[in-house]
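Walk me through this protein structure, please.

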Amino acid sequence: MVYFKINNKDFSPLVSGLKVGYETLVSDNSGRNAAGDTVIDVINRKRKVYITFRHTTREEMTSLLSAIRDYVVEVVFLNPETNGLEAITAYTGTPEPEYYSLADKTIYKPMSLNFIEL
């Protein structure tokens with residue numbers, strides 16, 4: 001099942017965890033008024049997709065890092081709010097691949113990365 005893509009390339013097999021955050025953005029005018037009531041001026045809602053990738057091979061990590069090289073990417077993910085696939089334009093957090101070497105084979109440790117909707 002496809003549930004996570006970057007720029008139309010399916011990375012679902014590399015995903016071990018997917019979490020979606022829903023952020024509500026409010027204006028600077030939000031807060032308490034003179035009567036002490038809370039006033040909120042919602043200006044937008046954005047999603048943040050948190051991905052945990054499983055252990056990966058050298059080739060898989062190279063493919064993943066290549067897909068996010070442009071910093072701003074299209075991400076397709078399974079949105080729990082709608083139970084359907086949705087596409088967003090997002091920028092990425094900082095990738096921090098860490099590896100261990102097993103004899104002559106390099107394996108990358110699980111890595112977390114987030115994608116923040118523009």
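Start with how burial is defined: a residue is buried under 20% relative accessible area, exposed over 50%, and partly exposed in between, using a 1.4 Å probe and protein chains only. Keep in mind that this is a predicted model, in which local features need pLDDT of at least 70, side-chain atom pairs count only at pLDDT 80 or more, and totals for chains, interfaces and linings use all residues. Residues are numbered from 1 along each chain as its sequence is written, and side-chain values use heavy atoms, with hydrogens and water left out.

Begin at Arg 47. Arg 47 sits in strand 6. Helices (H or I, at least four residues) and strands (E, at least two) are DSSP runs, numbered from the N terminus. Arg 47 has a relative accessible area of 17%, so it counts as buried. Which residues does Arg 47 touch, not counting residues up to four places away in sequence? They are Val 20, Gly 21, Tyr 22, Phe 77, Asn 79, Glu 86, Ile 88, Phe 115, Ile 116 and Glu 117. Touching, or contact, means heavy atoms within 4.5 Å.

The structure holds 4 salt bridges. A salt bridge is a side-chain nitrogen of Lys or Arg within 4 Å of a carboxyl oxygen of Asp or Glu. Arg 47 forms one with Glu 86, at 2.4 Å from N to O. This pair links distant parts of the chain, with Glu 86 in strand 9 and Arg 47 in strand 6, 39 residues apart. Glu 86 is buried because its relative accessibility is 18%. Arg 47 also forms a salt bridge with Glu 117, at 3.1 Å from N to O. Here the link runs from strand 12, which holds Glu 117, to strand 6, which holds Arg 47, and the two residues are 70 apart. Both Glu 117 and Arg 47 are buried.

Another salt bridge joins Glu 60 and Arg 54, whose closest N and O atoms are 2.9 Å apart. Glu 60 has 22% relative accessibility, so it counts as partly exposed. Arg 54 is partly exposed too, at 28%. Salt bridges that share partners join Arg 47, Glu 86 and Glu 117 into one network.

Now turn to the nonpolar residues. In soluble globular proteins, nonpolar side chains tend to be buried together. A nonpolar core is a set of buried Ala, Val, Leu, Ile, Met, Phe, Trp, Tyr and Cys residues joined through side-chain atoms within 4.5 Å. The largest one here has 22 residues, and Phe 4, Ile 6, Phe 53, Val 75 and Phe 115 touch the most other members. At least two residues of this core come from each of strand 1 (4-6), strand 3 (15-26), strand 6 (42-53), helix 1 (58-67), strand 8 (72-79), strand 9 (84-92) and strand 12 (111-117).

Strand 9 also contains Gly 84. Gly 84 is partly exposed, with a relative accessible area of 21%. Gly 84 and Tyr 3 are 81 residues apart in sequence, yet 8.8 Å apart in space, C-alpha to C-alpha.

Next comes Thr 106, in strand 11 (residues 105-108). Is Thr 106 buried or exposed? Its relative accessible area is 12%, so Thr 106 is buried. The side chain of Thr 106 makes a polar contact with that of Arg 58, at 2.9 Å. A polar contact is a pair of N or O atoms within 3.5 Å; within protein, one must be able to donate a hydrogen and the other to accept it, and residues adjacent in sequence count only if both atoms are side-chain atoms. Leaving aside neighbours within four places in sequence, Thr 106 is in contact with Thr 57, Arg 58, Tyr 99, Tyr 100 and Ser 101.

Finish with two loops. Ser 30 lies in the loop between strand 3 and strand 4 (31-32). A polar atom of the Ser 30 side chain lies 2.8 Å from the backbone nitrogen of Asp 41. Ser 30 is also in contact with Ile 40, leaving aside neighbours within four places in sequence. Ile 40 lies in the loop between strand 5 (38-39) and strand 6. Ile 40 has a relative accessible area of 58%, so it is exposed.
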